Amino acid sequence: MNRIKELLSVRRMSQTDLARRLGKSFNTVNLYAANKVQPPIPVLYRIAEILNVDVRELLLPNKSN
């Protein structure tokens, strides 16, 4: 599951709410939540701020142990 989508659920926030707070369209946020488009780094930091998480929580590890 996508971390943005998962954290939105935990925070009881909709994609529409996130889009409004980011100043982005619902479609853009939906693409982020569906892992079809990766948000630019500054947007990723803003998402982390809005969701009140460390930005690293939005990222998956790039190496498996």
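At what angle do helix H2 and helix H4 pack, and how far apart are their axes?

**Ground rules.** I'm working on a predicted model, where local features need pLDDT of at least 70, side-chain atom pairs count only at pLDDT 80 or more, and totals for chains, interfaces and linings use all residues. Residues are numbered from 1 along each chain as its sequence is written, and side-chain values use heavy atoms, with hydrogens and water left out.

**H2 against H4.** I got an angle of about 120 degrees for H2 (residues 15-22) and H4 (residues 41-51), with the axes 11 Å apart. My helices are DSSP runs (H or I, at least four residues; strands are E, at least two), numbered from the N terminus. Axes are lines fitted to C-alpha atoms, for helices over the stretch in contact, and angles run from 0 to 180 degrees between N-to-C directions. I noted the H2 and H4 crossing as right-handed, meaning that the near helix is turned clockwise from the far one by less than a right angle.

Next I listed who touches whom, with contact as heavy atoms within 4.5 Å. From H2, Leu-18, Arg-21 and Leu-22 meet Val-43, Arg-46, Ile-47 and Ile-50 of H4. By class I have five nonpolar, no polar and two charged residues there. Here Ala, Val, Leu, Ile, Met, Phe, Trp, Tyr, Cys and Pro are nonpolar, Asp, Glu, Lys and Arg are charged, and the others, Gly among them, are polar.

**H2 against H3.** For H2 and H3 (residues 26-33) I read about 115 degrees, with axes 8 Å apart. The crossing of H2 and H3 is right-handed. On the H2 side I found Gln-15, Thr-16, Leu-18, Ala-19 and Leu-22, meeting Phe-26, Val-29, Asn-30 and Ala-33 in H3. That contact has six nonpolar, three polar and no charged residues.

**Arg-3.** I placed Arg-3 in H1 (residues 3-10). Its side chain makes a polar contact of 2.8 Å with that of Glu-6, and the Arg-3 side chain also reaches the backbone oxygen of Glu-57 at 2.7 Å. Leaving out residues up to four places away in sequence, Arg-3 touches Glu-57, Leu-58 and Leu-60.

Methods. A polar contact is a pair of N or O atoms within 3.5 Å; within protein, one must be able to donate a hydrogen and the other to accept it, and residues adjacent in sequence count only if both atoms are side-chain atoms.
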